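Q: Hey, I'm new to this one. Could you walk me through it?

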Amino acid sequence: MRLLTHNMLSSNIKGVSNGFPLRIEVEKVAEKQVDFNADFLRNMFPKIEWKAFVDAAKTIGYAELPEEVDSSALESEEFLNKFHHALLELHLEEGALVCPETGRRFPVSKGIPNMLLHEDEV
Amino acid sequence: MSSRPELQAPPEIFYDDVEARKYTSSSRIIEIQANLSVRALELLALPDDGVPRLLLDIGLSGETLSENGHQWVGLDISQSMLDIALEREVEGDLLLGDMGQGLGLRPGVIDGAISISAVQWLCNADKSSHVPKLRLKAFFGSLYRCLARGGRAVLQVYPENIQQRELILRSAMHVGFSGGVVVDYPHSSKKRKEYLVLTCGPPSVSTSVPTGKGEDGESSSDNESSGDEENQTVCISDRHRPKKKQKITKKGRGRDWVLKKKEQRRRRGDDVPPDTKYTARKRKARF
């Protein structure tokens with residue numbers, strides 16, 4: 001699972017009002033090359049919750065991202081490269097996602113988070 | 001005995017290793033899946049500017065999205081199907097989840113969603129806790145929330161009967177989607193495919209439902225919305241449509257209405273008085 005997906009996911013448990021961002025527990029991180037596409041990054045940028053994104057990147061061991069950015073940073077090639085790397089190339093292979101409100105763990109195995117809820121959580 | 005997979009087992013059981021394997025080994029299934037998702041992507045009508053979008057694939061459909069350069073997130077309830085996807089090294093991210101529990105995604109982040117032959121599974125109650133209506137509501141509600149405004153969702157479905165189609169469509173309209181059903185090849189029993197084309201937000205020019213493929217000649221149904229059109233959009237349900245179709249003015253129903261009714265009775269073979277200048281004329285006040 002990439003950080004792109006992590007940034008979109010929120011906890012879906014019944015009664016949870018703020019299930020975002022899911023905390024990451026890391027066991028294994030993988031890196032896969034993805035073609036760079038600046039248009040996609042510019043398109044995605046407004047949709048990313050930046051703080052959650054930076055925190056998630058730090059958790060899985062990538063601390064190069066600036067804490068605060070505005071859209072003018074998208075002009076910079078260097079920033080785009082970092083953004084691209086963190087957003088699309090880093091994968092959480094093994095570990096877990098933890099709901100910030102209830103502490104419920106969603107295990108991640110082989111890069112696939114198990115988001116299935118128990119019957120009493122629906 | 002029905003051959004519908006929905007009636008045999010719940011999806012996470014039915015799509016076991018053997019069934020999932022068919023999606024890599026059977027060229028026929030691969031081709032069908034690919035064609036369906038190509039058509040779904042076409043109906044999604046994303047802006048043609050070459051910018052990759054973030055799409056959602058509900059019930060894994062294949063690699064069409066990556067081939068078109070888009071980034072995607074795939075959701076499936078069957079671990080075996082996900083394992084197959086891993087084996088094929090698909091480029092999107094995968095999630096193990098149940099769409100009937102709602103999609104746990106932030107609001108407004110997804111540019112479009114497609115789904116191939118998945119939504120009709122929601123019409124079945126596989127556990128005592130399952131209520132199809134609520135599961136459809138949870139699914140469509142969360143889909144509506146996570147789509148960006150103006151975003152489309154194209155869901156290819158195989159409803160078992162009219163009631164199921166109605167149930168699915170009504171659930172979609174109920175949460176705020178506008179759109180309708182596009183039927184490809186309506187006259188063929190095998191090639192016939194139904195797509196729900198839903199748009200997030202109120203209806204406008206851009207949300208008009210595209211026409212289907214393979215329509216030649218007149219529409220077969222006696223449905224009002226398709227009766228005078230040559231395309232094959234079979235029905236358009238729109239929650240913004242005024243509830244009462246028949247206009248009743250202050251003056252009463254009028255001569256036209258009476259003539260129409262008499263004509264209907266005549267066609268039915270009833271004994272109806274002839275139309276004269278007195279038909280539907282008001283009586284004088286002193287009567």
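This is a predicted model: local features need pLDDT of at least 70, side-chain atom pairs count only at pLDDT 80 or more; totals for chains, interfaces and linings use all residues.

Q: Good to know. How many residues of chain A are in contact with chain B?
A: On the chain A side there are 31, and they touch 30 residues of chain B.

Q: And how much area do chain A and chain B bury between them?
A: About 2,600 Å², with 55% of it on carbon and sulfur atoms.

Q: Which residues in chain A lose the most area to chain B?
A: Those are A:Met8, A:Lys47 and A:Ile112. Together they make up 24% of what the chain A side buries.

Q: How many salt bridges are there between chain A and chain B?
A: Four. One involves A:Lys47 again, which pairs with B:Asp111, and the closest N and O atoms are 2.4 Å apart.

Q: What about polar contacts between chain A and chain B, how many residue pairs?
A: The count is 16 residue pairs, both partners being at pLDDT 80 or more.

Q: Which helices and strands of chain A supply at least two residues to that side?
A: Helix H1 (3–8), helix H2 (38–44) and strand E4 (112–113) of chain A each do. By class, the side of chain A that touches chain B has 16 nonpolar, nine polar and six charged residues.

Q: Switching topic: how many salt bridges are there over all chains?
A: A search of the whole structure gives 24. Take A:Glu93 with A:Lys32, where the closest N and O atoms are 3.8 Å apart. That pair links distant parts of the chain, 61 residues apart. A:Glu93 sits in strand E2 (residues 90–98) of chain A, and A:Lys32 in the loop between E1 and H2 of chain A.

Q: Now chain B. At what angle do the axes of helix H2 and helix H3 of chain B cross?
A: Roughly 80°, and the axes of H2 (residues 17–25) and H3 (residues 27–44) of chain B come within 6 Å. H2(B) and H3(B) are therefore roughly perpendicular to each other.

Q: Which residues meet there, going from H2(B) to H3(B)?
A: From H2(B) you have B:Lys22, B:Tyr23, B:Thr24 and B:Ser25, and they meet B:Ser27, B:Ile29, B:Ile30 and B:Gln33 of H3(B). That contact has three nonpolar, four polar and one charged residues.

Q: Last one, on the backbone. Is the peptide bond from A:Phe20 to A:Pro21 cis or trans?
A: Cis, with omega near -5°. A:Pro21 is in the loop between H1 and strand E1 (23–31) of chain A. Over in chain B, B:Ala45 has a positive phi of about 50° although it is not a glycine. B:Ala45 lies in the loop between H3 and strand E1 (54–58) of chain B.

Key: Residues are numbered from 1 along each chain as its sequence is written. Chains are lettered from A and ligands numbered from 1 in the order in which they are written. Side-chain values use heavy atoms; hydrogens and water are left out. Axes are lines fitted to C-alpha atoms, for helices over the stretch in contact, and angles run from 0 to 180 degrees between N-to-C directions. Helices (H or I, at least four residues) and strands (E, at least two) are DSSP runs, numbered from the N terminus. Angles under 35 degrees count as roughly parallel, over 145 as roughly antiparallel, 65 to 115 as roughly perpendicular and the rest as oblique. Contact means heavy atoms within 4.5 Å. Ala, Val, Leu, Ile, Met, Phe, Trp, Tyr, Cys and Pro count as nonpolar, Asp, Glu, Lys and Arg as charged, and the others, Gly among them, as polar. Buried area is the accessible area (1.4 Å probe) that two parts lose on being put together, summed over both. A salt bridge is a side-chain nitrogen of Lys or Arg within 4 Å of a carboxyl oxygen of Asp or Glu. A polar contact is a pair of N or O atoms within 3.5 Å; within protein, one must be able to donate a hydrogen and the other to accept it, and residues adjacent in sequence count only if both atoms are side-chain atoms.
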